[in-house]
Amino acid sequence: MEFFWQNLPFFCILLCIASASFTLIMSRRAAQATCLTVISAVIAMSVLLIARVSAFGGSYTFSMGHFPAPWGNEIRVGLLEAVMALGLSLIMLFSLLGGLDRIGEHVFADKHNLYFITFELLLAALLAQVYTNDLFTAYVFVEIMTLTACVLIVARSKGRTLVAATRYMIMNLMGSGLFLLGLCFLYDLTGHLLMGNIHEKVAQVASDAAYGRVLTVTVALMSLGLAIKSALFPFHTWLPDAYGYSTPTSSAALSSLVSKGYIFLLIKLFYRVIGMDVINQIRINDVLFVFGLVGTIMGSLSAIREKDIRRMVSFSSVAQIGYIYMGIGMGSEAGMVAAVFHIFVHGAAKSMLFLSTSGLVQVSGESKHFRDLRGSGFRNPLAGVAFTVGSFSMVGIPFLGGFISKVYFAKAAMMLNPTRTVIVLLVLAASTLLNTVYFLKTVITLYRNDSADAPKHRAAPVFALSMLCMVAANLALGVFSQPIIEAIRAGLRMFA
Amino acid sequence: MAKLRDNYETSLWARFLRWMKSGSKGLERSMIRALEEEAEPSQHSEAEQLALEKAREEREMQDHERERAIQERLHLWSKTRGARLMTFAYRLAAVVICLAVIFVLLSSVSMLPEFGRSDNPANNEVAARYIEKGIEETGAVNIVGGMILNYRAFDTLGESHVLFVAACAVMMLLRLRLDKDGRPTREKLDAEADDRKYEPHNDVILQKVSSLIVPCLLLFGIYVVFNGHLSAGGGFSGGAIMGAALILYVNAHGLTRAGRQPLFGFKVFKYITFGALAFYSLAKGYSFFMGANHLDSHIPLGTPGNILSAELILPLNIAVGAVVAWTMYSFYVLFRKGDF
C-alpha cells in the first residue's frame, strides 16, 4: 500500500493531462461528465494524500521517470502542497457546478468541449505548480495557466471580453517574460533548476560581493513577474474587465484559482528556492509589504466607486490580494501562515460572490447595475444568502473565514517592530471599514423591500448545491480554523 | 425620507403598534384590506408597468445623454493644455522607466558570470552527466533529444500541451459556429464570401512549383522527425517543416480544393491531435510510473545509432511532430477563414 499512495500526486497530474486530449473527441455531455469526474477524482485523491502525509509526518520527493532529481524532473509532496491541492480542486468543482447553466448560455454549444478541456488543463497546471520541485517545470505550467486563463476570458464572446483578454495577455505575457528572465539569471548564477540545489547555491552567491546585486535583480524580476500575473495593486489594470465580463465560472476560477496558483509559486520561491533569510537580507519583502498595504486601501476605494456589482467584486479582489502580499511581506512565519490561510478564505468567498452575483443578475433583467438589483435578494433567495455570507466573510464577521484571517494578520503584526505594527493595524482597521461600506451597501441594496412579494426564482439544482457547499466551506473555514492553521504551519515548516 | 414614510404602514413597528392599540382584530382588518387591494383588477398594474417601462426608458436616455456629454467633455479636455501636458508627462515617464529598466538589466547581465568560461556554475555535474552518459542511458545519439524526451520528459509533456491549449484558445476565439439547426450563421457565410478573395486564381506556375516542393518538404519534415534521436532535429522542428508544407499547398491550390484532400479537414486535425497527445501522455505516464517506482519498463533501449532505438524517443517525436504540424496549419486556416 505504501507503494500506491506515494504515486497519488502523480496520478492526479497525469489524469488531468490525459483526460484533456480525450475530451476533445467526446460529445458535449460526455465532456462535461468527464471534466466533473476528473475534478472529483482529484479531490478524493487529495483527501487520501492529506491523510497519509499527516500520518507520515514529513515530506517526500517523487521522481518523474527513471532518472533521479538534478537530471530528471521531480515533484515534492508535503502537507501544505496536499492541502493546497485539495482546496484548489474543491473550489474548482464548486465554481464549475455553480456556473454550469450560465456556461450553456454564454458559451456556444460547439465550444463547450474546449471549455472543459481548458478546465482540465488548468487543474493539471495548478497541481503541477503546487507539487513541482523544479523551477523550469513551474515555468512551463505557468505558460499553460496563462493561456487557459485567456480561454476562460474569451469563452463568452462579447465585445468587452475581447478587449479584456487583450489587456490580460499584454500584462500577463510581460509577467511571464520577467519571470523567465529572472529564471535565466538564476540558472546562470547557480547552475541548477532544482529548488533544493538552487537553495544551497544561493547561500553562497548571496555572501559573494560580486553577485550580490545581480541576485537582488533576479529575485526582483521573478517577484515582479508573479506580482503582475496575480494582479498586485499597481499592476491590476487588466483585472476588473477580465473578471467583470467573462462568464461567472470563469471569473470565479480566475480570481480564486489562477491568481492563487501564482501566489503559491511566489511563496515557494521565497521559502524553498531563495530562502527567507536571503529575502530578508535583500529586502524584497519590504517592497511587497508596501505594495500590499497600498493595494489594500486602493482596491477598496475603487470598489466603493463602482456602480456595477461584478466590477465591484473584482476590485475587492485587488484589496484582498493586497492582504495576502502584506502577509508575505511581513517576512515572518506568522505573517506567512496568515497569508496562506487568507488564500483559502479569499478563494472560497470570492468564487461564491461571483457565482451568487450571476444568480442575482439573472433575476434582475441581466443588469449588473445596483439600481436594478434592488430587492433581488428576495427574487433569488439562495443567491442573496450566498452573497451575504460571502460579503460578511470578506468584511470579517465572526464565525466566517475572513474574521479568522484578519485576527491572524493582526497577531502577526504584533510581532513586527512598533512602527510597522501600528501601520498594519491602522491599514487593517481602515480597510475593514471600507469593506464594510461597499459590501454592506450592496447587501442592503439586495434586500430593499420594494419587491419583497416578487415571484421567487427557482434556482437550478446544481447551482443550489454549489451555493450550499460554498456557504458550508466558508463557515467551516471560520469555525474549524484551528486544524487548518495547524496544517499550514506544519506544512510551512516542511517547506524549508 | 419620503420612501421611509411610504413603507411605514407595512413595517414591523407599525404593525406592532396597531396590534398594541386594537388587539388582533385591527391587524386582521388591515390584512383583509391588503388582500382586497391586491385582488383589484390588473388594469392598474398594467398602467403601472407601462409607467415603469417608460421611466426605465427615460433613465436609459438620460444615461445615454450623460455618456455623450462625458465623451464631448473628454474630447474637449484632450485638447486642453493640461491634457497635453499629462500625455507628455505620461510618455516621458514611460521612456524614463524603460531606460531605467534597460540600464538595470544591461548592468546585471554584465555582472553575470562571463559566457563560456569552463568554471561557470552552469558547467556542473548535471550537464556533465547529460554529455558523458547521455548516449548510454537514453540510447539517443542526439543528446538534446535524449534530454528533452527522456531526462526531462515531464517538461516536454507540459510544453506540448502548451501548444494544445494554444490551439484550443484560437479555436475558441476564431472558429465560426453553426447555429442551433446546424446551418451556417451569417458571420460564417460572410467569412466564406470574403475568403474567395484570398483563393488563388489558378496560378499555374505556383501550383506546379508547389506540387514539386510540397512532397519534398513533407518528406524532409518526416525525415527530421524520424531522425530526432540520431541527428539534430526532432518533433518540434520537423513538425514546423511539415506545417509549412501544408500551408504552402493550401496557398497554391486553394482551401476549397485542398479541403477535398484527406489531410486538410477539421476532423483530421481533431483526431491527429487527439491520437498524438493521448499516446504521448499515456506512454509517458507509463514510463514515469515505472521509473518512479524503480520497475523495469520493458521498453528496449536498442543500439544507439539505429533508427529503432532510444526507447520512447522516436514515437514521442512522431507524436510531437504531428501536433506541431497540424497546430500550425489550423492556426493558418482559423486566422484566414475561421473554419475548415
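Of the 496 residues of chain A, 63% count as buried, meaning that 20 or more other C-beta atoms, placed from the backbone, lie within 10 Å of the residue's own. This is a predicted model, in which local features need pLDDT of at least 70 and side-chain atom pairs count only at pLDDT 80 or more, while totals for chains, interfaces and linings use all residues. Residues are numbered from 1 along each chain as its sequence is written, and chains are lettered from A.

Chain A comes to 22 helices and 2 strands (DSSP runs numbered from the N terminus: H or I of at least four residues for helices, E of at least two for strands). Its radius of gyration, taken over C-alpha atoms, is 22 Å, close to the 23 Å from the globule rule (2.2 Å times the number of residues to the power 0.38), so chain A is as compact as a globular protein of that length.

Turning to the interface, 45 residues of chain B are in contact with 53 of chain A (C-beta atoms, placed from the backbone, within 7 Å). On the chain B side, helices 4, 5, 7 and 12 each give two or more residues, and helix 7 of chain B gives the most, with 15.

Helix 12 of chain B (266-292) has 27 residues and reaches 38 Å from first C-alpha to last, close to the 39 Å expected (1.5 Å times one less than the number of residues). Its buried residues, including Phe269(B), Tyr280(B) and Lys284(B), pack against helix 2 and strand 1 of chain A, together with helix 7 and helix 13 of chain B. Just after helix 12 of chain B, His294(B) takes a positive phi of about 55 degrees.

Notes
Contact = placed C-beta atoms within 7 Å. Buried ≥ 20, exposed ≤ 12 C-beta atoms within 10 Å, placed from the backbone.
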